[in-house]
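Here is a short briefing on one protein model. Please look over the sequence and the fold before reading the points.

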Amino acid sequence: MARTDIRPVGLPPEEKETADRALSQVRSYLRRHRETPRIAVRVEGEEAEPLTLPREAVELLASMLAHMAAGRRVSLVPHTAELTTQQAADLLNVSRPFLVGLLQAGEIEYRTVGKHRRITASSLMEYKRKDDERRREAADELTRLNQEMGLD
């Protein structure tokens, strides 16, 4: 399987406004054409035939533009991509040893290739979803206990 490059891409500060304007235009178009399955994009000033994109690709572009306009760096990781332990740790924003502990505890599915562990992006995102859910439930419980004790 090909190695997945997950290096995040960001914009220089002077380009954030450009991304924000493009995001407004893309969102506006998507709202006005809710049922359009394919979207034609024409480069300004070009006479060439427009580029036709699936709606889903344009929706993904809008999501990426929103993050980039907000100054966040963005990585695109295919759902089936196999990640190294370092790449997975970077995506979760944890140390590699902590991630290895999660793997050994059975918290995240992985496979071994020779001596190396490989984690699918889908397994990693499933762990993240469950972890976020556990955190929300714990925060809700703390809020409930605070209210019961009159500490809010």
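The notes below cover salt bridges, the sheet, surface patches and a few loop positions.

This is a predicted model. The count of salt bridges comes to 12. Three strands form an open antiparallel sheet. The surface carries a patch of positive charge and a nonpolar patch of about 420 Å².

- Glu 17 and Arg 21 are joined side chain to side chain by a salt bridge, at 3.0 Å from N to O.
- Both residues belong to helix α1. They are 4 residues apart, about one turn of the helix.
- Glu 17 has a relative accessible area of 53%. The cut-off for exposed is over 50%, so Glu 17 is exposed.
- Arg 21 has a relative accessible area of 46%, so this residue is partly exposed.

- Helix α5 spans residues 121-148.
- Glu 126 forms a salt bridge with Lys 130. Their closest N and O atoms are 3.8 Å apart. The cut-off is within 4 Å, so the pair counts.
- Glu 126 and Lys 130 are 4 residues apart in α5, so about one helical turn separates them.
- Glu 126 is partly exposed, with a relative accessible area of 31%. Lys 130 is also partly exposed, at 42%.
- Arg 144 forms a salt bridge with Glu 148. Here the closest N and O atoms are 2.2 Å apart.
- Arg 144 and Glu 148 both lie in α5. The spacing is 4 residues, about one turn of the helix.
- Arg 144 is partly exposed at 35% relative accessibility. Glu 148 reaches 57%, so Glu 148 counts as exposed.
- Salt bridges with shared partners link Glu 107, Asp 131, Arg 134 and Arg 135 into one network.

**The sheet**

- The strand order is β3-β5-β4, and the pairing is antiparallel.
- β3 (82-83) and β4 (111-113) are the edge strands. Each pairs on one side only.
- Strand β5 covers residues 116-120. β3 and β5 run antiparallel and are joined by 2 bridges.
- The cut-off for pairing is at least two bridges, so β3 and β5 pair.
- Glu 82 stands opposite Thr 120 in β5.

**Surface patches**

- Arg 27, Arg 31, Arg 32 and Arg 34 gather in the positive surface patch.
- Arg 31, one of these residues, has its place in helix α1 (residues 16-32).
- The nonpolar patch is made by Leu 142, Leu 145, Met 149 and Leu 151.
- Leu 151 is found in the segment after α5. Its relative accessible area is 56%, so Leu 151 is exposed.

**Loop positions**

- Glu 46 lies in the loop between β1 (38-41) and β2 (51-54).
- At 44% relative accessibility, Glu 46 is classed as partly exposed.
- Glu 46 and Ala 89 are 43 residues apart in sequence. Their C-alpha atoms are 44 Å apart in space.
- Leu 76 sits in the loop between α2 (55-69) and β3.
- Relative accessibility of Leu 76 is 54%, so Leu 76 counts as exposed.
- Leu 76 and Val 9 are 67 residues apart in sequence. In space the C-alpha to C-alpha distance is 9.1 Å.
- Asn 93 lies in the loop between α3 (85-92) and α4 (96-104).
- Phi of Asn 93 is near 60 degrees. This is a positive value in a residue other than glycine.
- Asn 93 is exposed, with a relative accessible area of 71%.

Technical notes
Residues numbered from 1 in each chain as written. Predicted model: local features only at pLDDT ≥ 70, side-chain atom pairs only at ≥ 80, totals over all residues. Heavy atoms only, no water. Patch = residues over 30% accessible without salt bridge, like charges linked within 9 Å, V, L, I, M, F, W, Y side chains within 5 Å. Areas by Shrake-Rupley, 256 points an atom, 1.4 Å probe, with all protein chains shown as cover. Lys, Arg positive; Asp, Glu negative; His and termini not counted. Charge placed at Lys NZ, Arg CZ, Asp CG, Glu CD. Buried < 20%, exposed > 50% of the residue type's maximum accessible area, 1.4 Å probe, protein only.
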